[in-house]
Amino acid sequence: MLLCCFVGCQSRTEQPDFVSSEEVENLPPELKPEVRKVLREYAGSFEQPVLLMNDGAVSKAQLKLGQAVYQKRCVQCHGVSGDGNGPVASSMYPRPRDYRKGVYKFTSTPYGSKPVRSDLIRTVTNGVRGTSMPSFKMLPPEEIEAVVDYVLALTHRGELELQIAVLADFEEEVDLELVEEESIPLLKRLWERAAGSQVVPMSPQPVFTQEHIDRGREAFLTKGCSKCHGEDGRGQTPDNLAGNLKDIWGNVTRAADLTGGMLRGGQRPIDVYRRIFSGINGTPMPGFGNAFKQEPETMWDLTAYVLHVTNSRRMGVSHLPGQGSPYIPVTEETDDATD
Ligand code: HEC
Ligand code: HEC
């Protein structure tokens, strides 16, 4: 009995827990407990995590497995609440993602959209090259699936927390009706809309030749890319060097050095295409899909050029004409494929 209690007490003190966001901490003291209570009702607790937007496919056991993987492999960087503020995060550039804004960079969906689940699976499987985000290829697929469901649970929880906090601040009370009839349906709509909106290239991928690379270089220099990435693509522009560019998480960001062999968003032609088409959410990298609607082939020329410069400096070799990989139509399945 005594031992039991002792062990119980001890594990209770070591139990990690979610921490409230800055927006909640800044509310008047009498509102905070109410906000936390409502958030717990819809988005669960650390002991009993809930996936707010769940079509029924994700079980409690799946979330608990995801949490166990997360606490073992992700928490040191991404933090217990998914705030990107784990114990080793502070010195990192770029910072680990704060999931709570619901904004993801490497999506297959249009600019400003939520990611689809397969985007997160791809990122967790492959990692983000050139950053501290490791690849988790060694994990069994069911652990990757589970941890992604848990990341989604933390994400929805964070998004709802922000909604409730903003409403509470405005209304000076927690209005349950607004939470149920506005905040949650709004979030649901955003996530559901993303599910059917993956970017499919405007024209089929050509076999890349030197002509594509040359035209891509021309477009790179004349369509605004070099303003941020520099004429040589290395990102040595005054704004970059001065640290003037910021992302929505409040951190300094730089237009990528495209020549370093370290494309974060993936190395496949379709990955580079989507980065140029959709931009990178949360960062100054704009989407160019609309700008090139009348000249869809420019999208592939730019892709060919970016792949060319990214490989040439690292390898000391250049893409031979005709060497590009064949176009693979994008389906959910091929999209999941690791590179
Ligand atoms: C050593 C630190 C570290 C660990 C451990 C880590 N991450 Fe990350 N993670 C990062 C960093 C840094 C980024 C930001 C990369 C960027 O912005 O380009 C990131 C970004 C992400 C993203 C966002 C990708 C996007 O499209 O915006 C997801 C999802 C993610 N990590 C999931 C995980 C999961 C799941 C685990 C554990 C299985 C994990 N991470 C472990 C550092 C880490
Ligand atoms: C307003 C500044 C700006 C302009 C204009 C711009 N970029 Fe970017 N670009 C960025 C920033 C910032 C990033 C890095 C975002 C991050 O990962 O934090 C980036 C990233 C990228 C990436 C992703 C690299 C990776 O690591 O995967 C590609 C590809 C890219 N840009 C290509 C282009 C092309 C092609 C153009 C012109 C059509 C262009 N960019 C115009 C700012 C810009």
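A polar contact here is a pair of N or O atoms within 3.5 Å. Keep that in mind for the close-ups below, which all come from a predicted model.

**View 1. Arg97 and its neighbours reach polar atoms of ligand 1.** In this close-up, a polar side-chain atom of Arg97 sits 2.9 Å from an oxygen atom of ligand 1. Lys105 also makes a contact, with an N or O atom of its side chain 2.8 Å from an oxygen atom of the ligand. His78 goes for a nitrogen atom of ligand 1 instead, and its polar side-chain atom is 2.8 Å away. The elements giving two or more residues to the shell around ligand 1 are α5, α6 and α7. Overall, 25 residues surround the ligand, and Cys74, Cys77, His78, Lys105 and Met133 are the closest.

**View 2. His78 and Met133 hold the iron atom of ligand 1.** Zoom in on the metal and you'll find NE2 of His78 and SD of Met133 coordinating the iron atom, at 2.0 to 2.2 Å. The site is octahedral, with angles of 87 to 179° among the six donor atoms. His78 belongs to helix α5 (residues 75-78), while Met133 is in the loop between α6 (117-126) and α7 (141-171), so the pair ties together parts that are 55 residues apart in sequence. His78 has 10% relative accessibility, so this residue counts as buried; the cut-off for that is under 20%. Met133, at 21%, counts as partly exposed.

**View 3. Ligand 2 makes polar contacts with backbone and side chain.** Here an oxygen atom of ligand 2 is 2.7 Å from a polar backbone atom of Arg264. Gly265 also takes part through its backbone, with a polar atom 2.9 Å from an oxygen atom of the ligand. Thr253 uses its side chain, where an N or O atom is 3.1 Å from an oxygen atom of ligand 2. There are 22 residues around this ligand, and the closest are Cys225, Cys228, His229, Arg264 and Met285.

View 4. Helix α9 runs over residues 210-222, and its 13 residues reach 18 Å from first C-alpha to last, close to the 18 Å expected at 1.5 Å a residue. His212, Ile213, Gly216, Ala219 and Phe220 are its buried residues. Looking down the helix axis, these buried residues fall within an arc of 125°, so they line one face of α9. Glu211 and Thr222 are exposed, on the face turned away from the buried side. Just after the helix comes Gly224, with a positive phi of about 105°.

Conventions
Residues numbered from 1 in each chain as written. Chains lettered and ligands numbered in written order. Predicted model: local features only at pLDDT ≥ 70, side-chain atom pairs only at ≥ 80, totals over all residues. Heavy atoms only, no water. Helix = DSSP H or I, 4+ residues; strand = E, 2+ residues; numbered from the N terminus. Expected span 1.5 Å × (residues − 1). Buried < 20%, exposed > 50% of the residue type's maximum accessible area, 1.4 Å probe, protein only. Arc of directions from axis to C-beta. Donors = N, O, S within 2.8 Å, 3.2 Å for Na, K, Ca; no water. Tetrahedral: all angles 85-135°; square planar, octahedral: opposite > 155°, others 65-115°. Near = heavy atom within 4 Å. Polar contact = N/O pair within 3.5 Å; in protein donor to acceptor, adjacent residues only side chain to side chain.
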